[in-house]
Amino acid sequence: MSIQVEGVCKNFGAFRALDQVSLVAPTGSLMALLGPSGCGKTTLLRIIAGLETPDQGLVRYQDEEVTGTPVQKRNVGFVFQHYALFRHLPVFENIAFGLRVKKWPEEKIRQRVGELLHLVRMDGLGNRYPSQLSGGQRQRVALARALASEPRVLLLDEPFGALDAKVRKELRRWLRRLHDELHVTSIFVTHDQEEALEVADRVVLMNKGKVEQVGSPQAVWDHPASPFVVGFLGDVNLFHGRTQGGEMQIGADHQAVRLLTPEHSHVQDAKALAYVRPHDLDVQRYLPGHQGGIVARLARSISVGPIARLELEPSEDSGLDPATVIEAQMVARSFADQQFKEGELLVVTPRQARVFVEA
């Protein structure tokens, strides 16, 4: 069961929540809608579910258009961030609720609920009430309830947002394994880039009601399509410079860093932005007479666990904004061997960068 969204627009008064959104979730895929708060991802999920109606555009399940089909007739499993369990009903009855509404036979209900309790690793807990469960267990019950009526698609809105970091990590691994068993076409909303990249087959990056990029986790990480994407997917340093004939220069001439930009070889003397991940910065001790690289003072270092994090301030003659803070990462053991001290001058050189020409 594939899901197709074509040219969907949605306004709330003067606010445009979705602007010509189109995407395809292939059959059996697990897709993440990723972006900051207010980017339109939950509105899009609710339109796919039938909980909202688009002002323009179409929604299809496989080849069937369902844009105007009521949510009750779409056979969609929906999991909310805050569980939405019935507090007065035990776990068994929470899961069975939709099946009783559809008037399933009692024997079939007991069989189906038993299967789901086993699937979500809650055997023997059917008589407990939601108040007697942990947050992670409640979310598993919510997922079991969504799966009870064998939905055509499964939609999850920030499913782990109310849980602490450790439980979140455990549950997202579990969700990935569960999806691999069931192969139900699934879409989940998150603002956590690590969660999206770890769990999903495909990631949809959204910003201000529009789709910025769609691709596999590796593709959107390695080949971000816009400054927004590269900036949203993890920590990044931003350097201003100029590009010409396939090369970008950062900093003053005597300390200039030059980056090859073959993708912009046609550009002649234009402003450019270079985005560099902290782990893609090479850091060396400054020696008098050094040519090339950004000279910067080590303002602060944090070495906890396997990674050392460095905060550096560019020197006055580097050609960079003195208010800039450059963030670098290196292996903690290497940092200890180098014996860098806070306050000393270092040389920073990008090993890899993603360069965009300013519009």
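# Report on a predicted protein chain

In the protein chain, 67% of the contacts with a separation of 6 or more are between residues 24 or more positions apart; a contact means heavy atoms within 4.5 Å. The model is predicted, so local features need pLDDT of at least 70 and side-chain atom pairs count only at pLDDT 80 or more, while totals for chains, interfaces and linings use all residues. Residues are numbered from 1 along each chain as its sequence is written, and side-chain values use heavy atoms, with hydrogens and water left out.

## The chain as a whole

The protein chain holds nine helices and 20 strands. Both kinds of element are DSSP runs numbered from the N terminus: helices are H or I with at least four residues, and strands are E with at least two. Along the principal axes, the C-alpha atoms fill a box of roughly 85 × 45 × 35 Å. Of the 359 residues, 48% are buried. Buried means under 20% relative accessible area, exposed means over 50%, and partly exposed lies in between (1.4 Å probe, protein chains only).

S2 lies in the segment before β1 (3-12). This residue counts as buried because its relative accessibility is 10%. Apart from neighbours within four places in sequence, S2 is in contact with A25, P26, T27, R60, Y61 and Q62.

## Helix α5

Helix α5 covers residues 165-182, which is 18 residues, and reaches 26 Å from its first C-alpha to its last, close to the 26 Å expected at 1.5 Å a residue. The expected span is 1.5 Å times one less than the number of residues. The buried residues of α5 are R168, L171, R172, W174, L175, R176, L178 and H179. They pack against β3 (30-34), α3 (106-119), α4 (135-147), β8 (185-190) and α6 (193-199). Just after α5, H183 has a positive phi of about 60 degrees.

Strands pair if DSSP finds at least two bridges between them. Strand β11 (residues 237-244) runs antiparallel to β12, and four bridges join them. Within this pair, G241 has I250 of β12 as its bridge partner. The hairpin of β11 and β12 has two residues between the strands, and G245 takes a positive phi near 55 degrees there.

Four bridges also join β12 to the antiparallel strand β13 (residues 257-260), where L259 stands opposite M248.

## Two pockets

A pocket is an open set of points on a 1 Å grid over the protein atoms alone, where a 1.4 Å probe fits, with protein on both sides within 12 Å along at least five of seven lines; its lining residues have an atom within 4 Å of a point. Its volume is the space filled by probe spheres set on the points, which are joined across faces, edges and corners. In the table, Ala, Val, Leu, Ile, Met, Phe, Trp, Tyr, Cys and Pro count as nonpolar, Asp, Glu, Lys and Arg as charged, and the others, Gly among them, as polar.

| Pocket | Volume | Lining |
|---|---|---|
| Largest pocket | about 640 Å³ | 13 nonpolar, five polar and two charged residues |
| Second largest pocket | about 240 Å³ | seven nonpolar, two polar and five charged residues |

Helix α2 supplies five residues to the lining of the largest pocket, the largest share. The second largest pocket is lined by 14 residues, and W221, D222, D280, Q352 and R354 lie nearest its centre. Two or more residues of that lining come from each of α7 (217-222) and β14 (270-276).
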